[in-house]
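Please look over the sequence and the 3D structure shown here before reading on. The report is meant to be read side by side with them.

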Amino acid sequence: MFPSHREREQPIFTARAHVFQIDPATKRNWLPASKHAVTVSFFYDANRSVYRIISVGGTKAIINSTITPNMTFTQTSQKFGQWADSRANTVYGLGFATEQQLQQFSDQFKEVKEAARLAREKSQEKFELTNPALNIAAPQELSEEHHSPPLLTVNGPEDKLFRSKSADTEQLKSEKERIKKMLSEGSICEINLEAELFTLQDSNAKLVAALQEANTGVEEWKKQLADYQEETERLRDQVAELEAQSRRPGPSESETRDELTQSLEELEALLKSKDEEIYNLQTKKSDIHELEKQREDSFQRLKDVETRNAELEERVKHAEQSLASSEEERERAASEVQRVIDVLDVKIYDLNELRQSLAKLIDK
């Protein structure tokens, strides 16, 4: 039944909005019908020529409103609109995200209302044509004067004939009204049943999904339970083993005390040896510092000698340049050069001795 219902009723416009309903107690405050924005759709039933606004939130239909020609959608603010549904005995309110969405919904409501009016007129004409018995009015063969009872012939046969036909006419009229009322009530009941069916189908799908998820959870719980049982058995075995060990005869208290005393003496001896090693290392550390200081002094002296040697080499270079500049000064400078060379030899000798002493010191 549900698939055929979905085939014959198709959405013609869909929007998203926050749904509200008027408070039935105060008729002034709005009560939210959905926590978040939900889908609100116009549906058209081609078989019955009925337009409806439907919105489903969770497992129930929060809007199931059949559009009638006397309904009016009112924009109460830039993003909020409302309409009254006398059949549902409530007032629906919709809050949109933008003014454009509200205007589109309002325009669609007007178009659907006009279409519902035309559809009702066509359905009434079609119903009256297919049910001629409901369209019987007063008999056409009666004259105008027989539309009301005659005054003179109250007890005559003409009066009985008129009253009989008038009763039949009134009975047909009442029957027509009763059938119309039954059809109207049947249409309303069918709409409500379809809404309930739509809600039940949606709820059924969610229940099936929840059942599948629950089955998956049950399998996981069974696996966890098996793991817990295995862990419990293992712990029980460990407890039994510990209890068995506790029942075994152990060493006496005196033997345990002697073992502890011996272990303590061994630890003290080991600690003493470690302290001696630390002291020796600290002593060696002080000697190393002294050697490092001597080494730095030697390097500084070597650096000074190298500096002096560089100065002497620079002087030699200047002297050689002076010798090349003038031939006349060469002879006079030769003696000076010889003197410088002698000085250099002395310095070099001193430098070699210093290097040897430094090497001896480093070897030590």
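**Overall make-up**

This is a predicted model, in which local features need pLDDT of at least 70 and side-chain atom pairs count only at pLDDT 80 or more, while totals for chains, interfaces and linings use all residues. Residues are numbered from 1 along each chain as its sequence is written, and side-chain values use heavy atoms, with hydrogens and water left out.

The pLDDT, which is the predictor's confidence in each residue on a scale from 0 to 100, has a mean of 76 for the protein, and 74% of the residues reach 70 or more. Over residues 1-7 the pLDDT is below 50, and this stretch has eight contacts in the model beyond near neighbours in sequence, where contact means heavy atoms within 4.5 Å. The pLDDT is also below 50 over residues 133-164, a stretch with 25 contacts in the model beyond near neighbours in sequence.

The protein has five helices and eight strands, and along the sequence they follow the pattern α-β-β-β-β-β-β-β-β-α-α-α-α. Helices (H or I, at least four residues) and strands (E, at least two) are DSSP runs, numbered from the N terminus. Of the 364 residues of the protein, 20% count as buried; buried means under 20% relative accessible area, exposed means over 50%, and partly exposed lies in between, with a 1.4 Å probe and protein chains only. Among contacts with a separation of 6 or more, 55% are between residues 24 or more positions apart.

**The nonpolar core**

A nonpolar core is a set of buried Ala, Val, Leu, Ile, Met, Phe, Trp, Tyr and Cys residues joined through side-chain atoms within 4.5 Å. The largest one holds 23 residues, of which Ile53, Ile63, Ile67, Trp83, Leu94, Phe105 and Phe109 touch the most other members. At least two core residues come from each of strand S1 (9-22), strand S3 (38-45), strand S4 (50-57), strand S5 (60-66), strand S8 (90-95) and helix H2 (99-130), and H2 gives the most, with five residues.

**Strand pairs**

Two strands pair if DSSP finds at least two bridges between them. The table lists two such pairs.

| Strands | Sense | Bridges | Residues standing opposite |
|---|---|---|---|
| S6 (residues 74-75) and S7 (residues 80-85) | antiparallel | two bridges | Gln75 and Gly81 |
| S7 and S8 | antiparallel | six bridges | Phe80 and Gly95 |

A hairpin joins S6 to S7 through four residues. The hairpin of S7 and S8 also has four residues between the strands, and there Asn89 takes a positive phi near 55°.

**Aromatic rings**

Rings of Phe, Tyr and Trp (its six-membered ring) pair if their centres lie within 6.5 Å, and planes under 30 degrees apart count as stacked, over 60 as edge-to-face and the rest as tilted. The structure holds 13 aromatic pairs. In one of them, Phe13 and Phe42 are tilted, at 6.0 Å centre to centre with 55° between the planes. Phe13 lies in strand S1 and Phe42 in strand S3, so this pair ties together parts that are 29 residues apart in sequence. The rings of Phe42 and Phe109 have their centres 6.4 Å apart and their planes at 75°, and therefore this pair is edge-to-face. Here Phe42 in strand S3 is linked with Phe109 in helix H2, 67 residues away. Phe13 and Phe42 are both buried, and Phe109 is buried as well. One aromatic cluster is formed by Phe13, Phe42, Phe73, Trp83, Tyr92, Phe96, Phe105 and Phe109.

Gln108 is placed in helix H2 and is buried, with a relative accessible area of 15%. Not counting residues up to four places away in sequence, Gln108 touches Ile12, Phe13 and Phe42.

Ala115 also lies in helix H2, but this residue is partly exposed, with a relative accessible area of 22%. The C-alpha atoms of Ala115 and Ile67, which are 48 residues apart along the chain, are separated by 9.5 Å.

Arg52 has its place in strand S4 and is buried, with a relative accessible area of 1%. The side chain of Arg52 makes a polar contact with the side chain of Asn64 at 3.1 Å. A polar contact is a pair of N or O atoms within 3.5 Å; within protein, one must be able to donate a hydrogen and the other to accept it, and residues adjacent in sequence count only if both atoms are side-chain atoms.
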